[in-house]
Amino acid sequence: MPALAQYSLPPTRLKDLFQRLSQAVDQVIAPTRVPPGDVFYDVVQGPDEVALDFGNSLVSPVAWLYRPVEEMFRVLPGEPPRVEPCGEEGRRLLFAVRPCDLAAIGRLDQFFLEGDFRDDLYAARRARTLLVALACATQADPRCFCSCCETGPYAEQGFDLQLSLVGDRYLLEVGSESGAALAEQCRDLLEPAAEDLAAGRAQQVQAFYAGLEQKANMPAAVRRLSSEAVPVELWDRIASRCLGCGGCSFVCPVCTCFYTTDQVREDGSIVRVRAWDSCRLEGYTREASGHNPRAHRRQRAERFSYHKLAYPCIQREGRLGCVGCGRCVTVCFGGVHMPRVAQMIRRGE
Amino acid sequence: MSRQFAICPFCGCGCGMHLEVFDGRLIAALPSQVHPAGAGRLCLRGWQAGTLVQSSRRLLVPQAAGKQASWEDALRAAAEGIRALAAEGPQALGVLGSGYLTNEEASATRLYATQALRTPNLDNFAWALDGGSIWGLEQTLCIPYRSPVLPEIASADVILCLSSSLCADNPQAAGYIMAAAEAGATVIVADEVDQGLRELSTLWVQHKPGARAALLQVLWSALGAPGELSAKQRDTLQQAGVDAGAFAEMCAALRKAKRLALVFSTTTVQTPAEAAHIAEIVMLLNASGQQEAAVFALRAQCNSVGVNDMGLVPGEGRARERGLSLYEMLAEPTPLRALVVIGEGLEKFVGEQGLQALRERLDFLLYLGGYQTATSELADVALPMTTWGETEGTFTCHDGSIWPLHQVVPPTGESRYLPEILRDLSVAQGGPPLPADLPSLRAEISRQVFGYRLVNWEQVAAGQRAVASAVPSEDSAEVQIPADELPVPIEAGPERPYTLLVRRDTGSWACDPRARGAEIVERELAGHRAPFLVINPQTCRNLETREGRSLTISTAFGSQTLPVRCSPGVPPEVVMLPWQFRDVARALAGPLHLDAASRAGYHLPVAAALENPSQS
């Protein structure tokens, strides 16, 4: 989808832009470096706290929309007991979101908002969140493979505003009506985008593709997986290297597995809590009878890959179940992360 | 929302993580990419560490005589109980502290034992788990043992791993082994059973139960004197059940190694003799000047190093006569009248039945901990203490690096900071007011613990790297190694054709009450609650049973009927029992074998018979 408008921004005005955007919301979530040096998307108070010199954070900013642990509702003691909803939060701006994570948010929107069930917690949070993307053309992380999933280095949709450093200037693209309103508030900081910016953007994309270290031929893996041409032994080999930590699911910005539990609090209230879970874990699909349709690690590995890559899932959900963020490359003990699995499937090895 | 760096509170890997706090509650633990141990990876326990503080198994209020009590009443009851028995002399009292305590808490525990109770009977749970092998390394290397940082495993060109269980027991180390293999390293796995790592190895060297020390001694002598093995060595290998071809390949790989990593979990390699041979191999290879060899002993508890450095050790040192070790305190009959248990339940070592029996032998049992355990239920007084995430402090990791822990949430229930409890307890007993605040405790550590004198605690708290130099031990005792090491004799015969092997590295963390409070971990461990045997599928077929059904196992010590699980990694003549089922292990394998020098304990393999009860 073409941008609604494009502007140019001198880097010297980036902090001013940030300040101006901050005024439009109650809270800004941006990448920030925390001791001993990790980058997390956290609430920041000013532009000096923002870190833009990073590849990608290990925890996706998606965690601000679909929380690792969140209270769903609370039952207050009394006669009769009273049910109180949870989750009231102010307007937020997610700043410097990478295009792969934007693609993941698109996928979560489908899952939580457009299916048979609508998730009110996610919907409320999503409706109050503005998204400012930061393209990756100049900063590919060695683990990234977004080009293989067609999610980067630039976002083509899903953002309100998108920033990208092209040469010595930022290109600011407007992707939504909300983004246009934001841009209007910053109009005095912006300049019209010259044609050379667009040309520079295109050149950057080519250079970015050439420089990617992780490469995964996803279409070939999708074809092979969907035609059921994958040897069974391959899943055994993957399973032997999977140590069952669940980390791939926990860092995957597209994964939506969760469990719910009821917690009794000190004030006597009962809170239903939802927390991230993983279909890579044995107990996730264990039924009350004790029967488990995916009792073996190889079955879970197969199911996970199928959900990410198989054509029926893509057809149903309109896109790959992997956005190429490369986080699984970092967390997997055994190196059986998504680009490797795609390669193994493609080669049938 | 706030975020704070921390070290994982489980095993000795010391993985870095960030604790996420929202609305005053600890909600998540997320990995640190820049921390050297984990580099962004956490095992399942680590990922779920964020749920520990709000666990449903927390001990929330003081208990006295099995009932809820006020702090004042509970402290008075504890002080009276101990004071009454202190009159019988310090030898009647004992103190045990967990390897999960911070350095400051461990220091306060030592002060309480030595200054308030004046007892030499002091030990820590971590040593009971990994003391045997650490002792063997330290006494052979003649220096206090510090492990290199774990990522260095990945840079080895040859890895000899003696724990096939690492995939489940220590995924971080297994991950670095897999990374090394990917980079072309030769990975040799030598073990008595295969618990998963064999499939990822280049060479698998199987030996009989109880034959590890013999194998390592022959390996050492073969590396030291290249050429044909002597008849005696060949005979030893045969008795150890080691394939001669695999042994020759292993020797060749080790001789060619430029950087050798010798990796084992202290829950697998438990005897000083085994560890001494490992140290000898490393010294031999390093002495050539052409090779670099390093030992990576993977410890069982997060502050295993720190609690020993802080002096949670018996009397004047382990080699001296004065002061009882953990296993000696728990032995039957115990010489103790009163026992103070801090940070963990005793059932982990003696089982629930064993704990009941111990409780009957003791006149007074005091428990200080953050979680409800069988020990807290049986204690005369149970006092709730703050835990990881609720206290400031430090851990000393396997490489000697000191890392800060911060309080991120307020204390749960009525729990209090351990040093403050111990100070009040000491005063209530008529003892001195012990230091209870961080600056005083750290000053005490700097004064008393040699390797920590130069530590700048303010820099540590700010997250700057600091390393405690190794704490020299005053102990000195030679590891007793037979000149010709032979496999542990197992009196197998037609009546008892199988060997029962009690393994400590088979889901041992399932018995950690902290892990059991985390919903996902609780769910994933559902299969590890009740005792079970692991046998070869062929054994299962021979006995005309199948997985999930029960077999009766009999040894010279007793008999039990237990459900079985099948694993092709267990040889047909071996039956494996996880160590954490303490009551069953004691009933079948007898009392622990106690090593006189290291004062560590372990089970020796024993001959066993299997019978299908439905056929008898």
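Colleague: In which helix of chain B does B:Arg212 lie?

Modeller: This is a predicted model, in which local features need pLDDT of at least 70, side-chain atom pairs count only at pLDDT 80 or more, and totals for chains, interfaces and linings use all residues. Residues are numbered from 1 along each chain as its sequence is written, while chains are lettered from A and ligands numbered from 1 in the order in which they are written. Helices (DSSP runs of H or I, at least four residues) and strands (runs of E, at least two) are numbered from the N terminus. B:Arg212 lies in helix 7 of chain B.

Colleague: Is B:Arg212 buried or exposed?

Modeller: A residue is buried if 20 or more other C-beta atoms, placed from the backbone, lie within 10 Å of its own, exposed if 12 or fewer, and partly exposed in between. B:Arg212 has 27 other C-beta atoms within 10 Å, so it is buried.

Colleague: Which residues does B:Arg212 touch, not counting residues up to four places away in sequence?

Modeller: Two residues are in contact if their C-beta atoms, placed from the backbone, lie within 7 Å. With residues up to four places away in sequence left out, B:Arg212 touches B:Leu162, B:His207, B:Val269 and B:Glu274.

Colleague: At what angle do the axes of helix 7 and helix 10 of chain B cross?

Modeller: Axes are lines fitted to C-alpha atoms, for helices over the stretch in contact, and angles run from 0 to 180 degrees between N-to-C directions. Angles under 35 degrees count as roughly parallel, over 145 as roughly antiparallel, 65 to 115 as roughly perpendicular and the rest as oblique. Helix 7 and helix 10 of chain B are therefore roughly parallel to each other. Their axes come within 9 Å and cross at roughly 15 degrees.

Colleague: How many nonpolar, polar and charged residues are in the contact of helix 7 with helix 10 of chain B?

Modeller: Ala, Val, Leu, Ile, Met, Phe, Trp, Tyr, Cys and Pro count as nonpolar, Asp, Glu, Lys and Arg as charged, and the others, Gly among them, as polar. Residues of helix 7 of chain B in this contact include B:Arg212, B:Leu216 and B:Trp220, and among those of helix 10 of chain B are B:Glu274, B:His277 and B:Ile281. By class, the contact has 10 nonpolar, three polar and three charged residues.

Colleague: Which elements of chain B do the buried residues of helix 15 of chain B pack against?

Modeller: Eight of the 11 residues of helix 15 (418-428) of chain B are buried, so this helix is largely enclosed by the rest of the structure. Among the buried residues are B:Leu418, B:Ile421, B:Arg423 and B:Asp424. In chain B, the buried residues of helix 15 pack against helix 2, helix 3, strand 13, strand 14, strand 15 and helix 16.

Colleague: Which helix of chain B gives the largest share of the side of domain 1 that touches domain 3?

Modeller: Domain bounds come from an automatic or database domain assignment, and chain B is divided into domain 1 (53-129 + 302-467), domain 2 (148-298) and domain 3 (498-611). The contact takes 21 residues from domain 1 of chain B and 16 residues from domain 3 of chain B. On the side of domain 1 of chain B, the elements that give two or more residues are helix 12 and helix 13 of chain B. The largest share, seven residues, comes from helix 13 of chain B.

Colleague: How far apart are the axes of helix 13 and helix 21 of chain B?

Modeller: Helix 13 of chain B and helix 21 of chain B are roughly perpendicular to each other. Their contact includes B:Phe349 and B:Glu352 of helix 13 of chain B, and B:Arg582 and B:Asp583 of helix 21 of chain B. The two helices of chain B pack at an angle of about 85 degrees, with axes apart by 6 Å.

Colleague: Which strand gives the largest share of the side of chain A that touches chain B?

Modeller: The contact takes 31 residues from chain A and 34 residues from chain B. Among the elements that give two or more residues to the side of chain A are strand 3, helix 8 and strand 11 of chain A. The largest share, four residues, comes from strand 3 of chain A.

Colleague: How far apart in space are A:Cys100 and A:Cys146, C-alpha to C-alpha?

Modeller: A:Cys100 lies in helix 2 of chain A and is buried, with 27 other C-beta atoms within 10 Å. Among the residues that A:Cys100 touches are A:Cys146, A:Thr151 and A:Val323. A:Cys100 and A:Cys146 are 46 residues apart in sequence, and their C-alpha separation in space is 6.4 Å.
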